[in-house]
Amino acid sequence: MFRHTPLRYAALIILFSGALFTAFTAGYFGMEILTEILILAILVLALDLVAGFGGMVSLAHGALMGLGAYAFVALATKAGLDPWVAASAAVAITAGTGWVIGAICARSHGIYFIMATLAFGQMGYSYFFEQSFFGGDDGMVGPRRFDLGFIGINLNDSRSFALFCLAILGVIYLVAMAILRSGLGRSLTGVTHNEKRMRALGLNVWRVKADVFGLSGAMAGIAGVLAAQHIMFISPKMLHWTVSGEALVVVILGGLGTLVGPLVGAVAFVVMKHELSHVTTYWHLIVGLVLIAVVMSRANGIFGFIEARFRPKTDRMIQSIQTRDDAKEIAKDA
Amino acid sequence: MRKTLTAALTGLATILAAQSALAERVNVGLLLPFSGVYASLGNEIEAGFRLGLEHFSDDLGVEINIIREDTEVNPANGLARARKLVMQDGADVLVGIVSSGVLGAIRDFVHGAQVPLIVANAGNDEATGERCSPYITRLSFSNGQVNRPMGRWMAEQGVRRVYTLGADYAAGRQMVGGFTEAFVEAGGEIVGQGWTPFQQTQDFGPYLAQARASGAEALFVFYAGGEAISFVNQYDSFGMAEVMPLYGSGFLTSQLYVNAQGESANGVITSLHYVPTADNPENTAFVEAFQASIGRLPSEYGVQGYDSARALVEAIRTGATDRESLANALRQVSFEGPRGALSIDPATNNVIQPIFVYETVSGENGAMTQKVLATLPAEADPANGCVMPAPVTN
Amino acid sequence: MTPDLSFWTMQTLNALQLSMLLFLLSVGLTVIFGLMHFVNLAHGALYALGAYFAATLASHAGFWVALLLAPLGVAVVGMALYGGLIQRMRKSGPMAQVLVTFGLIFVLLDLTRIFWGDLALAITPPAILAGRVDILGVGYPAYRLFIIALGLGIFAALALILSRTQIGAMIRAGVDNDDMAACMGINVERLFFIVFCVGCGLAGLAGAVAAPLLSVTPGMGLEILIPTLIVIVIGGLGSLKGAIAGSLIYGFVQTFGAVLLPGVASILIYALLAAVLLLKPVGLFPAKG
């Protein structure tokens with residue numbers, strides 16, 4: 001079962017206070033970067049839920065996020081719905097789509113699962129790229145931000161919006177934790193460790209996977225709604241598989257299956273990207289080298305590396321044996 | 001809510017503008033793709049832009065400070081960078097934008113923030129049509145502008161039945177659409193159209209075979225970048241030149257790719273707003289300078305950057321250094337440049353320029369060169385639903 | 001428009017040509033996966049590297065030298081990658097390997113930009129392959145026929161090696177069960193090394209062959225990655241039969257989809273992929289049942 005070690009609590013507190021500190025001190029662009037990190041963090045939390053805890057490595061999450069953004073914008077601007085109603089409907093749509101994708105792909109494992117989700121994601125990308133109703137490859141303008149005027153908050157102020165995203169991220173983190181601790185989460189862990197045994201125990205395996213994927217899809221949809229409100233413009237680029245690939249990199253870079261790690265990864269990735277792109281146009285090269293270096297250190301991402309440093313020796317050995325077994329099992333499934 | 005946002009941005013813009021007006025310095029936000037598929041275009045535009053500043057900004061008395069940002073050809077990222085340039089770096093004017101998607105994304109922002117934007121490439125018709133803005137001045141081209149004259153010209157040459165092919169995205173549809181409209185109007189017939197999935201098509205064989213089977217007299221296409229090279233090479237390898245001569249939008253045989261196409265491009269006839277062999281003294285000087293600093297011939301992208309710099313300098317010379325006056329002055333620039341006589345259409349803020357019809361032929365020592373067949377007179381785009389106040393004349 | 005027999009002949013040849021190009025790329029990837037259980041996402045980047053090597057070599061020493069040396073060059077790069085990265089990653093689980101090869105994509109992409117610039121390059125095919133050959137009344141580009149022949153030749157050679165030679169038997173044993181193969185005295189590590197290098201060489205060959213047909217751009221590796229992955233997943237991982245079947249399916253669906261169903265051409269192959277995985281969750285001809 002998923003539990004928080006003191007170290008994880010400490011990391012969460014540091015991240016949270018760091019975000020608050022930035023929100024109240026940063027200049028204009030610092031705020032933009034903070035918001036970008038917070039939205040990416042929601043997406044990678046959603047991805048960690050399925051990939052880290054369910055072994056379902058998805059390349060459809062960028063597309064789910066984009067779908068949420070498109071549904072929100074279309075419902076809010078073309079259908080003229082209230083932003084809150086439009087957002088709820090958009091999240092419901094991504095949850096439903098996620099559930100269906102999860103259900104269809106539930107029988108596939110490993111690379112096959114990755115490719116099946118890629119297929120669905122790219123179909124979505126091609127659809128929005130070609131549909132002139134949704135602006136085709138030019139994208140769409142005009143999503144409005146939520147109106148929180150009734151409690152005296154103006155989200156058009158970039159600090160308020162960043163804090164709003166932080167609050168949503170906090171709620172989603174708690175939800176993700178609750179899911180992992182619920183019966184569904186335990187079934188999911190069971191399925192990841194030994195699918196055959198869980199099936200023999202009478203568990204409806206595909207249902208568990210689909211439910212978790214649907215919940216994760218809803219989270220990705222929320223990230224999409226926020227991204228649309230943040231940028232105030234959406235384009236099919238959001239749905240492209242490279243967005244999912246980048247999110248996956250962030251999850252693994254931070255620490256797969258730790259919930260906290262992907263948050264660390266999101267911070268590291270976005271900050272690294274912005275800092276490096278000012279120094280050189282070849283910043284991908286450096287990001288690539290960092291990725292390789294992190295993986296070569298044999299830790300489970302940045303956060304895994306930190307955890308390993310702070311853990312007593314015996315614990316570390318058990319952990320390393322476990323990861324090796326997990327790895328074997330996943331390889332076998334593939 | 002949109003209004004409050006605009007108001008907020010306007011307020012901020014005024015403050016920043018007031019600050020920058022004090023110092024005799026103009027902050028230029030250069031917003032181009034420096035990574036991703038269009039990196040070569042971004043680099044060429046920047047090279048042209050810097051060359052233009054070097055040539056024209058002597059004794060200007062105003063310091064021009066360039067801040068570069070990479071759009072990565074991603075609309076969302078482009079918008080974030082545009083906001084950063086304006087809100088944080090205090091850019092007085094933005095220059096650049098290669099892809100129409102990025103231009104569409106930042107349009108409302110620059111309009112709302114009242115920051116002048118010189119478009120140095122992106123050609124989507126709406127930007128100087130229904131979504132035009134007094135703050136957006138385009139020094140490059142519009143998709144329709146480059147191709148409409150070609151439709152008429154081909155009809156005049158007696159070509160009657162044409163098959164068209166194009167990359168399936170907004171710009172591709174507009175480029176081919178501009179040609180088709182004018183060609184049909186002039187009495188031509190489109191016997192069939194093919195659209196290839198954008199950036200997903202490596203093999204044009206199936207589409208070429210279809211074009212061939214259509215029995216058309218000629219083929220008109222729009223492709224750019226890597227696709228243009230693949231397409232021309234594959235067109236040639238199928239021996240299509242013997243049965244169906246190739247015409248197209250001039251980006252197909254841009255100076256940037258023509259060396260990679262080599263002999264395959266021989267005899268292809270296209271239309272564009274610039275050719276390196278254009279015969280005028282401004283162009284001779286530009287080509288020489290570009291070759292001296294970059295080491296190869298300039299393409300239309302280079303000249304777009306060069307002319308953008310010149311337009312900016314001319315605007316500053318009228319005494320404009322803050323956003324409002326720069327935007328106003330940019331709408332009224334006109335000069336004789338490497339492309340010929342340029343001016344800005346006050347109704348749409350799109351550039352008015354002659355269009356060259358040229359044939360790509362093999363030149364000295366194996367390099368491909370351009371033979372200008374006709375120089376079609378400059379004409380303004382139709383307003384396409386653009387409504388905006390006229391510029392304030394000095 | 002009345003497409004006649006020659007039209008369909010030409011389209012069939014187009015489909016075959018595309019299939020063979022994809023086969024050259026996917027066969028290395030799929031056998032590496034079958035043996036070592038990891039997907040080398042940098043395979044596409046190695047293909048791009050092959051094209052760049054070929055472009056440089058062709059301008060100095062001509063096409064044939066380039067065609068021969070470019071794959072060797074890529075194989076050498078493969079050796080370095082194996083020694084420096086892949087070997088150490090063998091025990092680290094598939095996620096780590098995915099990330100390392102993803103990082104490699106970034107690195108190789110920018111390295112090609114640094115060395116060769118952002119401008120597209122191209123190679124002219126040799127004079128002997130520049131013309132057209134008459135097949136059933138259709139003048140078909142000789143170079144494309146050369147690609148078809150090369151693909152079929154490589155397929156035949158690999159099929160022969162895998163089924164008839166000792167190293168082929170060792171590879172099959174390794175794919176089947178590498179632990180058991182090691183117990184039987186097969187030097188599995190050396191086997192991995194050889195297969196990895198040959199796979200990289202084939203990717204380089206595909207790049208060199210594709211260069212005169214397409215254009216050589218930094219992004220070409222990323223563009224081809226997804227089609228290659230689709231091919232090996234439809235075909236089923238780890239098997240030669242899967243690679244050839246997947247390539248043919250992809251080539252024919254792409255080509256005839258473009259002709260017959262132009263409206264949905266771009267999603268057709270993804271729909272097919274989803275359908276195949278729905279019916280056969282491990283592809284059509286996986287190496288292991």
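How many residues of chain A are in contact with how many residues of chain B? The views below start there. Everything here comes from a predicted model, where local features need pLDDT of at least 70, side-chain atom pairs count only at pLDDT 80 or more, and totals for chains, interfaces and linings use all residues. Residues are numbered from 1 along each chain as its sequence is written, while chains are lettered from A and ligands numbered from 1 in the order in which they are written.

**View 1. Chain A meets chain B.** Here 20 residues of chain A touch 24 residues of chain B (contact: C-beta atoms, placed from the backbone, within 7 Å). On chain A's side, helix α2 (residues 28-54) gives the largest share, three residues (helices are DSSP runs of H or I, at least four residues, numbered from the N terminus). That side of chain A splits into six nonpolar, eight polar and six charged residues (nonpolar: Ala, Val, Leu, Ile, Met, Phe, Trp, Tyr, Cys and Pro; charged: Asp, Glu, Lys and Arg; polar: the others, Gly among them).

**View 2. The two domains of chain B.** Domain 1 covers 2-141 + 279-353 and domain 2 covers 144-272 + 356-376, with bounds from an automatic or database domain assignment. Their centres, taken over C-alpha atoms, sit 29 Å apart. Domain 1 puts 13 residues into the contact and domain 2 puts in 11. On the domain 1 side, α2 (39-56) and α11 (300-317) of chain B each give two or more residues.

**View 3. Two spans of chain C.** Residues 63-86 of chain C are 100% helix, with end C-alpha atoms 32 Å apart. Residues 220-240 of chain C are 81% helix, and their end C-alpha atoms lie 24 Å apart.

Terms used
Two residues are in contact if their C-beta atoms, placed from the backbone, lie within 7 Å.
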